[in-house]
Amino acid sequence: MSTTNGLVCFTNCLLPQEDGTLLEKDLWIDQRRGVILDAQKTFFLRKERPDMVIDLGGNILSPGLIDIQINGAYGFDFSVFNGDEKVYNEGLANVAKKIVETGVTSLVPTIITQEKSLYPTLLRLLRPLSAPASANLLGWHAEGPFIDMAKRGAHAPSFLLPASKGLKSFEEVYGAENLAEKEDWLMASTNDAGVRIITAAPEISGVMDVVSELDHRGVVFSIGHSVATSAIATTAVRNGARLITHLFNAMPQLHHRDPSIIGLLGASPHLETHFSPITAQLYSGMQSPVSKQVTGVRSPIDGSEAFDQNDTPPQTPLFRGGQGGLTPTSAKDFTRPFYELIVDGIHSHPNSVRLAYSAYPEGCILITDAMKILDPHLQDGVHEWRDGKRFVKEGDKLYLEGTNTLAGSVVTLDKCVRNFTKFTGCTLGEAIKCATVNPAKCLGIDNKKGTLRAGADADLVVLDKQGFVLRTWVKGQEAWTNGWNM
């Protein structure tokens, strides 16, 4: 589908606005350049009208969805490297090619904690990539190894590390060449900058000292797999942490005296709880924090890295409280962080999802945190997995065969959008915002992705009024269709 002058007009459609509303309006794009146009300016400057007009029949024309945490899909696991770079690259390309059927036009491949020697190769292979008719790979999200033992989920305990050398520890693990300088993000022609997000626990030795430097470099520091108190979590945000990894999962439960990481959603910029480095030294994060209450810490099993799979104390406070209570502070240095939600109805109860969104709608980001077995065409039943294991799929639920152990997420991002409207009562436009505008803002790319502004990439998805994907465009070219005729 191409035009003589490269101009395409989508008409009879609803355009999601950045405030979550839907506006009936035409949208012009330039197919040759792959960008969205200002229709009025284009008409007066070029004295041309689009050669192609596409009637969308009253459906929604949204920015392409952005998944900033996904572990794999269509049989490919981003964290598994068998030594063959060609095979790995083919797996990446296959995911990028197929995932557009779910409305995703950009993603951040996520790797969980690895043996240290694997990081340089994996992270080099996961640098940004764009291919025709495929979703954009935006760079990598590293979950671990600087996370807390008590909230490790499926991360291997033997690979967890403290950051005893501060930034040098991060460079030794990820590779100094893989940690971008801020200027790298400003150079559109380079694909050298691979890092987008690092999930770490700020209470782990040396991690807090690195937060501000990562933020200065343009890296999103995300608080996750952590037992941080309110004081520690707040200090991390003041130092530059911009995101919370899969809210409610792999973190302390909400406690009214110390709401911990979850409490950041309701944090007041006018109050501060004191953070003392002494409290962070009471517990290294490399062993169980309260030995009397932790019975039988188990080795990780093949399951969702977001779930707690070892016994941990149910109460929130694991550190001695900060000294001095609450004191007034300036609001200018505190902004509540964005937070991720897995909206499959399994990782978080619908009431919890609604509670979080009600507390801070502007910070909500929908993610899948999907495993390699994400495939909307995969039938329910028993399927082969790996190492002789099999899993049972029941809708969006995955269990290891013969157990009731959840084996991760297989929900697609478009279904998360639909679920979100049901769980929260928000409009479809507001749900779309949480999978487009908000993740783009978090990554600092909202001038190019997640938006319908003039000059942005023409990554587009047509949704019906229930939120089901009809067609997908990447850089102005049609990448997928369900056969619906326009």
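Mentor: Before we look at the helices, keep in mind that an axis here is a line fitted to C-alpha atoms, for helices over the stretch in contact, and that angles run from 0 to 180 degrees between N-to-C directions. Keep in mind as well that this is a predicted model.

Trainee: OK, so at what angle do the axes of α9 and α10 cross?

Mentor: The axes of helix α9, residues 350–359, and helix α10, residues 413–424, cross at roughly 85° and come within 8 Å. Angles of 65 to 115 degrees count as roughly perpendicular, and α9 and α10 are therefore roughly perpendicular to each other.

Trainee: Which residues make that contact?

Mentor: From α9 the contact is made by Pro 350, Val 353, Arg 354 and Tyr 357, while α10 contributes Phe 420, Phe 423 and Thr 424. Sorted by class, the contact of α9 with α10 has five nonpolar residues, one polar and one charged.

Trainee: Switching topic, where is Asp 459 found?

Mentor: Asp 459 is found in the loop that runs between α12 (437–443) and β24 (460–463).

Trainee: And is Asp 459 buried or exposed?

Mentor: Asp 459 has a relative accessible area of 5%, and because buried means under 20%, Asp 459 counts as buried.

Trainee: What does the side chain of Asp 459 reach?

Mentor: The side chain of Asp 459 reaches the backbone nitrogen of Lys 475, at 2.8 Å. If residues up to four places away in sequence are not counted, Asp 459 touches a list of residues that includes Ser 62, Pro 63, Asn 136, Trp 473 and Lys 475.

Trainee: What about Thr 234, which helix does Thr 234 lie in?

Mentor: Thr 234 lies in helix α7, residues 230–239, and at 12% relative accessibility Thr 234 counts as buried. Leaving aside neighbours within four places in sequence, Thr 234 is in contact with Leu 264 and Phe 334.

Trainee: How far apart are the C-alpha atoms of Thr 234 and Ile 261?

Mentor: Their C-alpha atoms are separated by 8.1 Å, although Thr 234 and Ile 261 are 27 residues apart along the chain.

Trainee: Last topic, what is the order of the open sheet of three strands?

Mentor: The order is β21-β22-β23, and the pairing is antiparallel. At the edges stand β21 (381–384) and β23 (397–400), each with a single partner strand, so one side of each is left without a neighbour in the sheet. From one strand to the next, the twist averages 30°.

Trainee: Over how many bridges do β22 and β23 pair?

Mentor: Strand β22, residues 390–394, and β23 pair in the antiparallel sense over four bridges, and Phe 391 stands opposite Leu 400 in β23.

How values were computed:
Residues numbered from 1 in each chain as written. Predicted model: local features only at pLDDT ≥ 70, side-chain atom pairs only at ≥ 80, totals over all residues. Heavy atoms only, no water. Helix = DSSP H or I, 4+ residues; strand = E, 2+ residues; numbered from the N terminus. Parallel < 35°, antiparallel > 145°, perpendicular 65-115°, else oblique. Contact = heavy atoms within 4.5 Å. Nonpolar A, V, L, I, M, F, W, Y, C, P; charged D, E, K, R; others polar. Buried < 20%, exposed > 50% of the residue type's maximum accessible area, 1.4 Å probe, protein only. Polar contact = N/O pair within 3.5 Å; in protein donor to acceptor, adjacent residues only side chain to side chain. Pairing = 2+ DSSP bridges.
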